[in-house]
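Please find below my notes on this entry.

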Amino acid sequence: MFNKSEIEQQVAEFLLQIKAIKLQPNNPFTWASGWKSPIYCDNRTTLSHPAIRTYIRQKLVRLIQEEFGPVACIAGVATAGIPQGVLVAQELGLPFVYVRAKPKEHGTGNLIEGDVFEGQRVLVVEDLISTGKSSLQAVEALKAIGCDVAGLVAIFTYGFDASVENFKKAGCKFATLSNYNALIEYAEKNQYISKNDVRLLEQWREDPAGWDAKLPD
């Protein structure tokens with residue numbers, strides 16, 4: 001049985017346990033976008049932990065089977081989606097390709113690396129969804145060569161309203177193993193964070209771009 005709630009909590013536990021996700025509401029991180037954030041997520045850390053890596057691979061496969069049905073090819077999003085996609089493709093016995101952020105600047109100038117064909121039903125694998133823009137660029141690149149993109153799976157999503165809207169506009173279904181709500185629930189229950197931290201984390205998710213301006217001096 002595919003118990004979604006149980007998997008959300010287990011993945012949240014793993015990500016906190018190995019510090020793939022760090023929560024620092026009172027000492028925020030700065031993202032590349034310039035946003036101040038109480039959370040930092042690097043799911044590549046899971047690759048260094050074989051038992052967790054195996055669990056995530058197996059659950060991503062089950063998620064694909066439950067939500068999307070049969071697919072003919074797995075596509076990873078460069079760069080962090082590549083290793084997760086390879087693991088999933090290996091488990092399913094399917095071809096694998098990956099989509100670059102931009103075309104190669106030399107040689108063949110490929111945007112998509114590997115053999116993928118018009119009409120092929122492709123499932124995209126990503127490690128993390130924030131706004132969804134980079135993920136959807138990969139989806140559009142595959143659609144542009146005539147692929148039938150079944151959708152996208154990822155390990156974790158922040159659950160921003162903007163990402164939900166972006167996927168909706170693109171007509172792309174997505175599913176994740178865990179999410180921000182499950183993470184905060186697990187973190188509070190297991191004393192990674194305090195009730196006051198929960199309030200700050202919830203405020204950030206409501207307005208990530210303007211969150212730091214509302215923090216007390």
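The points below concern a predicted model.

1. The sheet. Six strands form an open sheet in the order β7-β6-β5-β8-β9-β10, and the pairing is mixed. The edge positions belong to β7 (112-113) and β10; each has a single partner strand, so one side of each lacks a neighbour in the sheet.

2. Pairing around β9. Strand β8 (residues 121-129) runs parallel to β9, and 8 bridges join the two. Across this pair, valine 124 has leucine 152 in β9 as its bridge partner. β9 and β10 are also paired in the parallel sense, over 5 bridges. Here threonine 157 is bridged to asparagine 179 in β10, and valine 153 stands opposite alanine 175 in β10.

3. In β9, 9 of the 10 residues are buried, so the strand is largely enclosed by the rest of the structure. For β10 the count is 5 of the 6 residues, so β10 too is largely enclosed by the rest of the structure.

4. α2 lies across β5 (73-77), β8, β9 and β10, and runs at about 140° to β10. α4 lies across β5, β6 (96-99), β7, β8 and β9; the angle of α4 to β8 is about 165°.

5. Helix α1. The buried residues of α1 are Ile7, Glu8, Gln9, Val11, Ala12, Phe14, Leu15 and Leu16. They pack against β1 (21-23), α2 (50-67), β9 (148-157), β10 (174-179) and α6 (180-189). After α1 comes lysine 19, which has a positive phi, near 60°.

6. The α4 and α5 pair. Two packed helices are described by the angle between their axes and the distance between the axes. For helix α4 (residues 133-144) and helix α5 (residues 161-170), the angle is about 10° and the axes are 10 Å apart. The angle makes α4 roughly parallel to α5. On the α4 side the contact involves Lys133, Ser135, Leu136, Glu140 and Lys143, which meet Asn166, Phe167 and Ala170 in α5. By class, this contact of α4 with α5 has 3 nonpolar, 2 polar and 3 charged residues.

How values were computed: Residues are numbered from 1 along each chain as its sequence is written. This is a predicted model: local features need pLDDT of at least 70, side-chain atom pairs count only at pLDDT 80 or more; totals for chains, interfaces and linings use all residues. Side-chain values use heavy atoms; hydrogens and water are left out. Axes are lines fitted to C-alpha atoms, for helices over the stretch in contact, and angles run from 0 to 180 degrees between N-to-C directions. Helices (H or I, at least four residues) and strands (E, at least two) are DSSP runs, numbered from the N terminus. Angles under 35 degrees count as roughly parallel, over 145 as roughly antiparallel, 65 to 115 as roughly perpendicular and the rest as oblique. Contact means heavy atoms within 4.5 Å. Ala, Val, Leu, Ile, Met, Phe, Trp, Tyr, Cys and Pro count as nonpolar, Asp, Glu, Lys and Arg as charged, and the others, Gly among them, as polar. Buried means under 20% relative accessible area, exposed over 50%, partly exposed in between (1.4 Å probe, protein chains only). Two strands pair if DSSP finds at least two bridges between them.
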